[in-house]
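Let's take a walk through a protein fold together. Have a look at the picture first, and then we'll go through how some of its parts sit against each other.

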Amino acid sequence: MMPMVYLDHSATTPLDPEVLQAMMPYLTEEFGNASSVYSLGQRARQAIDQARDEVAAFYGVEAREVIFTSGGTEGDNFALRGIAYRNADRGRHVITSTIEHDAVLRTVDALERDGFEVTRLRVDRLGLVDPDDLRRALRPDTILVSIMHANNEIGTIEPIADLVAVTREHSDAYFHTDAVQSTGKIGTRVDELGVDLLSMSAHKLHGPKGVGCLVVRSGVRLEPFILGGGHERNRRAGTENVAGIAGLAKAVSIAQRDMEKNVAQLTSLRDRLLEGVLDRIPAAEITGHPAKRLPHHASFLFQAVEGESLLLQLDMEGIAASSGSACTSGSLEPSHVILALGYPRERALGSLRLSVGKDNTQADVELVLERLPDMVARLRAMAPISAA
Ligand SMILES: *Cc1c(COP(=O)(O)O)cnc(C)c1O
């Protein structure tokens, strides 16, 4: 296999060896069911309890406020449906933004089909939700506001504490945030953000795939939607993913321990990418906020280039990156996030996301900066799409 430069850490991250080590016992000899009474089962229970304590400490909440899930998608679904269906007696209005992850957007679509009313707040050119827009959208029957902490495609960090303050001032609505991208990169203490619910996923911070958690502050009325046994205090049934949960807690502890060091390194690599690309590629621009952005996240629009074609070129050079667009049934669909920033369709197709991780080096970044200009130039010469 050719040496690879992995620059898609917003899609997923490699498992940290320390995390694997923490998981191994529960994938091998410590295979007990945490609900069993004998000591093999009770050791699994202890592992989950300890993991819950660690995750709770990381977010600044009580252990009983942490519900383990199968990841970010489930956390978002659970928060939205759980609040909507349990609180429909108080109102049926939900507020979110146009740049949320599909896990939120498809869920509010489903709520809408089920008789809930949804307001989708627009963002400005840099991807920010305006607290004044939220203030105007809040109604007496608003039961939930769900705004992501940081966006996966453009890296913009939303002013969650301000949005929470506006919500509290004008309504009794609960506030949920999708913190899948922000966890481990910027401060996500729930007591500081002030949110009622927060979802996260382990695989975006060097943990295993298929596990995450939903933080739910006590007193929040939430309808469970996976029914069965009494797991997770009757809120989410199913035999616990013990190895995954142990891995999640380890990933979070490592992120906390190394945050300062990692963020400094990530920021310097990211800044080099942002500057280098703008320097070397004509008609390129940064998407998302220049300052209020995730430390590992660089995203661009290139005029007259299809992002998908660029990804294939990069892949041939062993560079893994991402573009927001997706090819569905042969036709390219631009990302809903880039469109929401106000770019026309043609322009939105030319997006590229480079997200660095703690294993990336200066040399990785220099390689991309060396190769990318030629690739963009070649694509522009080969298959020019109109520079709308
Ligand atoms: C990756 C991601 C999700 C989905 O998380 P999974 O664990 O992969 O289901 C949700 N929201 C955001 C912002 C993400 O980046």
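Start with helix 10 (residues 307-316) and helix 13 (residues 362-382), which pack with their axes 10 Å apart and at an angle of about 135°. That angle makes helix 10 oblique to helix 13. Keep in mind that you're looking at a predicted model. The crossing of helix 10 with helix 13 is right-handed. Who touches whom here? On the helix 10 side you'll find S309, L310, Q313 and L314, and they meet L372, M375, V376, R378 and L379 of helix 13.

Now try another pair: helix 1 (residues 17-27) packs with helix 9 (residues 242-280) at an angle of about 160°, and their axes are 8 Å apart. Angles over 145 degrees count as roughly antiparallel, so that's the label for helix 1 and helix 9. Helix 1, too, passes helix 9 in a right-handed crossing. From helix 1, the residues in contact include A22, M23 and Y26, while helix 9 brings in, among them, G244, G247 and K250. This contact splits into 10 nonpolar, 2 polar and 3 charged residues.

Time to zoom out. The chain is divided into domain 1 (5-12 + 259-382) and domain 2 (17-254). Their contact draws 29 residues from domain 1 and 29 residues from domain 2. Between the centres of the two domains, taken over C-alpha atoms, there are 28 Å. Domain 1 and domain 2 bury about 2,500 Å² between them, with 58% of that on carbon and sulfur atoms.

Conventions:
Residues are numbered from 1 along each chain as its sequence is written. This is a predicted model: local features need pLDDT of at least 70, side-chain atom pairs count only at pLDDT 80 or more; totals for chains, interfaces and linings use all residues. Side-chain values use heavy atoms; hydrogens and water are left out. Axes are lines fitted to C-alpha atoms, for helices over the stretch in contact, and angles run from 0 to 180 degrees between N-to-C directions. Helices (H or I, at least four residues) and strands (E, at least two) are DSSP runs, numbered from the N terminus. Angles under 35 degrees count as roughly parallel, over 145 as roughly antiparallel, 65 to 115 as roughly perpendicular and the rest as oblique. A crossing is left-handed if the near helix is turned anticlockwise from the far one by less than a right angle, and right-handed if clockwise. Contact means heavy atoms within 4.5 Å. Domain bounds come from an automatic or database domain assignment. Buried area is the accessible area (1.4 Å probe) that two parts lose on being put together, summed over both. Ala, Val, Leu, Ile, Met, Phe, Trp, Tyr, Cys and Pro count as nonpolar, Asp, Glu, Lys and Arg as charged, and the others, Gly among them, as polar.
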